Amino acid sequence: MPPIEDHPLRYQLANELHARPFPAMVSPSTVVYLAVKQPREAAHRDRSLDLRHLMALLDRHGAVHPQPGATHHSAQLGRHTLKWEQHTEFVSYTLYCDGVAERAFDPADFDVFPADWLAEAPGQRVTSLMIRILPRPKDSKIKAQLSECFVPESLAVAQVLDDSAVVAGDFRIDPAGHMRFALFANESTGTQRIGRIVQRLCEVETYRAMSMLGFSRARELSPIIGSLDTQLSEMMAEMTSDTIPADQTLTRLLSVSAQLEAMAAQSAFRFGATGAYEALVNQRIKLLREERHAGYQTFSEFMLRRYEPAMRTVKSTEKRVATLANRARRGGELLRTRVDVERSAHNQALLASMDRRADLALRLQHTVEGLSVVAISYYAVSLAGYLFYPLAAALGLSKGMMISMLTLPVVGLVWLGLRRVKRKLH
């Protein structure tokens with residue numbers, strides 16, 4: 001092939017497809033699993049803390065450190081094999097070893113995680129589980145072992161991957177604080193297939209636990225949503241009854257709308273993540289290709305009865321918040337329109353009042369102008385009288401006759417002068 005420049009990420013992205021292979025596990029063996037999540041802003045956490053915590057565990061066994069910025073790592077810790085993965089909101093630790101303890105689901109198996117190391121974890125435990133892998137016995141012996149280790153009323157059992165194995169779990173936390181799963185593998189089932197089944201079980205439980213965080217959030221919001229719904233309904237009634245001024249109702253409505261928008265923004269990520277985790281749970285169960293075993297409920301049936309209602313509650317709460325926000329937004333638009341109409345009517349009345357006042361002022365101005373002509377003419381006639389008194393004596397006219405002869409011309413000149421001045425000003 002002629003030389004051609006490769007994209008700088010070509011090999012990195014191709015290798016990413018093979019970066020997280022399924023672990024190979026034998027039967028019998030023991031698996032312990034831990035998922036840790038920071039309580040707040042887990043998606044934006046400082047991921048270097050996760051790496052430092054991992055390296056603290058590796059250093060206790062002299063194991064090789066991961067590459068800087070790694071999101072997955074495998075190492076040998078004594079007789080245990082570690083698989084570490086960093087996810088969007090949590091990190092997971094899977095440790096497995098050959099053989100099983102005499103005591104089923106012995107809490108001592110979890111001591112592979114040192115107590116002081118667990119206490120320094122940068123987050124909180126989302127879930128932890130123990131998986132006991134055994135050769136598949138007869139169905140009657142499987143039933144006897146399950147009755148000893150699990151709660152019958154919530155026990156789910158299924159034959160998976162074309163009857164390659166039987167898996168069981170009751171999704172209850174035992175006295176030691178762990179979930180329990182049992183896997184009975186056929187003699188012909190390969191180590192890679194056992195590893196895939198274990199991986200699916202860990203993912204089902206982890207994503208189930210993460211999605212239930214959205215259910216917890218929905219329950220917290222439920223009373224708040226109910227209160228805001230009541231307030232919104234009352235304000236809608238006030239809008240139709242005209243008992244309270246529209247501007248006061250609008251102020252309250254905007255406050256409720258702001259609370260709903262803030263609630264929707266704060267819950268958007270959690271509800272969105274819950275939907276994604278729910279899809280992953282259902283997908284992982286589907287990939288197990290489960291079949292009914294000895295009349296027990298399957299994992300999908302268990303999820304349908306116990307898990308699906310919680311997810312429907314989350315979706316209902318998310319939809320309810322969005323519906324209330326839209327109602328408040330529409331109500332605000334209607335009230336703003338109403339307030340604008342009322343203000344327009346008020347402004348029209350104010351303009352009409354201003355027109356009347358302007359008309360009165362104009363009339364008053366005309367009256368004042370008339371009075372001004374009279375006043376100015378009075379003083380002008382008096383001055384003209386003093387000016388023409390000598391002439392009146394020479395002509396033989398009386399003082400009164402002279403004043404009467406000057407009055408009309410003076411008034412006319414004053415009126416013309418004021419009119420000319422007014423014309424220039426306008």
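The count of aromatic pairs in this predicted model comes to 11, where rings of Phe, Tyr and Trp (its six-membered ring) pair if their centres lie within 6.5 Å, and planes under 30 degrees apart count as stacked, over 60 as edge-to-face and the rest as tilted.

Start by selecting phenylalanine 90 and tyrosine 207. Their rings make an edge-to-face pair, 6.4 Å centre to centre with 70 degrees between the planes. Zoom out to see that this pair links distant parts of the chain: phenylalanine 90 belongs to strand E4 (residues 90-98) and tyrosine 207 to helix H5 (residues 191-241), 117 residues apart. Helices (H or I, at least four residues) and strands (E, at least two) are DSSP runs, numbered from the N terminus. Phenylalanine 90 is buried at 2% relative accessibility, and tyrosine 207 is buried too, at 9%. Buried means under 20% relative accessible area, exposed over 50%, partly exposed in between (1.4 Å probe, protein chains only).

Next, select phenylalanine 171 and phenylalanine 302. This pair is stacked, because the ring centres are 4.8 Å apart and the planes at 15 degrees. Phenylalanine 171 lies in the loop between strand E7 (165-169) and strand E8 (179-185), while phenylalanine 302 is in helix H7 (residues 299-395), 131 residues away. Both residues are buried.

Now pick Tyr93, Phe110, Phe113 and Trp117, which form one aromatic cluster.

Finish at arginine 10, whose charged end sits over the ring of tyrosine 11, 5.4 Å from the ring centre (the rule: NZ of Lys or CZ of Arg within 6 Å of the ring centre and within 35 degrees of the ring normal).

For your selections, residues are numbered from 1 along each chain as its sequence is written. In this predicted model local features need pLDDT of at least 70, side-chain atom pairs count only at pLDDT 80 or more, and totals for chains, interfaces and linings use all residues, while side-chain values use heavy atoms, with hydrogens and water left out.
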